[in-house]
Amino acid sequence: MRFMIFLFLFLSSLISLAQKPEYQVQFYGIGDNREFARSKNYSQTILGERTSFELGTTLEDHHRFRIGLSHLFEFGSEVDEQKPKLTAYYNYHDPEKAFYFGSFPRMDLIDFPLALLTDTLLYYRPNIEGLYGRYSWSWGHQSGFVDWTGRQTDTRREAFLAGFSGDMRLGPFFFQNYLTLYHYAETALEEENIHIKDNMGMVLYLGTDLEKVLPLTKTYLKIGILGSSIRERSVTDGFENALSFKGEFYGESRQFALHATLHQGKGHELMNGDRFYRADSYFRTDLIWKFIQAEHIQGQFNLSFHLVDGRSLDQSQQLSLVYRFGN
């Protein structure tokens, strides 16, 4: 409580002294029900809301400073069961470049295939704690981030997650690249049964936009490969590698959309990715209803079907409601 009072007073004084005081408040409603019994994945229901706010200022039109808090309240729990996450970062931006340093929101900034980064990271680890950079050209962009998730102590293992992504376009055609690297080290005590893990994932896509072919607002088809490598030092004989085909189709018209994803080949061990991709064959279909599309609020409902190895069919439902206001 003392920290919260101190932070409130500090933020108030910061805003009063700022040349261009700015703020943003976001409410993120989460409804996620996963019925995964047939595929033997982890079934769970996540209901809650994450409220976050930022205060700060922008200097010389390019240099932005922000500080705030983000708190997840899961329905049915005590309000202090989840600790608030500190948001505090510097951001530089111009038409070509963007750079972030500190603890900054993941939402709308980091967008990777679920095979590499699962969607629950957005619920429970909403901030990237490290740095992010992006460079854009008229024909595309490349970006990268480092998320520092643990400093080594006697009881905590050192860990960090790095990622790189890009999109390059020529007319209706595009190439997309995604790469993740996760390093999970030992504790400082070097316990006997704990070993360093290195895990890499990769998705490469070739695709085309289909708006001129299909009478839809937004539609694309892309095909490519999903690759992974993992090793546990002193346990595995080097890296264990896997490669599979990966394809996606997306079609959207007004409030409704269809998103289909296929993975076919060898199953993958991706420590930060969706567990479904451990199977050799996985086909996911999302029926999407964007029931609110206003300036400050967006509401979306997904009905998702998961076909694993051609025989186990599970389903899930996801509801999200995002409300933002500020200057």
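Analyst: The lining of the second largest cavity holds eight nonpolar, five polar and no charged residues. Here Ala, Val, Leu, Ile, Met, Phe, Trp, Tyr, Cys and Pro count as nonpolar, Asp, Glu, Lys and Arg as charged, and the others, Gly among them, as polar. The model is predicted: local features need pLDDT of at least 70 and side-chain atom pairs 80 or more, while totals for chains, interfaces and linings use all residues. Residues are numbered from 1 along each chain as its sequence is written, and side-chain values use heavy atoms, without hydrogens and water.

User: Which residues lie nearest the centre of that second largest cavity?
Analyst: Leu-116, Thr-180, Tyr-182, Asn-199 and Asn-272, out of 13 lining residues. A cavity is a set of points on a 1 Å grid over the protein atoms alone where a 1.4 Å probe fits but cannot get out, and lining residues have an atom within 4 Å of a point.

User: Which elements give two or more residues to it?
Analyst: β9 (173–184) and β10 (197–209). Strands are DSSP runs of E, at least two residues, numbered from the N terminus.

User: How much space lies in the largest cavity?
Analyst: About 70 Å³, where a volume is the space filled by probe spheres set on the points, which are joined across faces, edges and corners.

User: And how does its lining divide by class?
Analyst: Two nonpolar, three polar and four charged. Among the lining residues are Arg-34, Asp-119 and His-306.

Terms used:
On a 1 Å grid over the protein atoms alone, a cavity is a set of points where a 1.4 Å probe fits but cannot get out, and a pocket is an open set with protein on both sides within 12 Å along at least five of seven lines; lining residues have an atom within 4 Å of a point. Helices (H or I, at least four residues) and strands (E, at least two) are DSSP runs, numbered from the N terminus.
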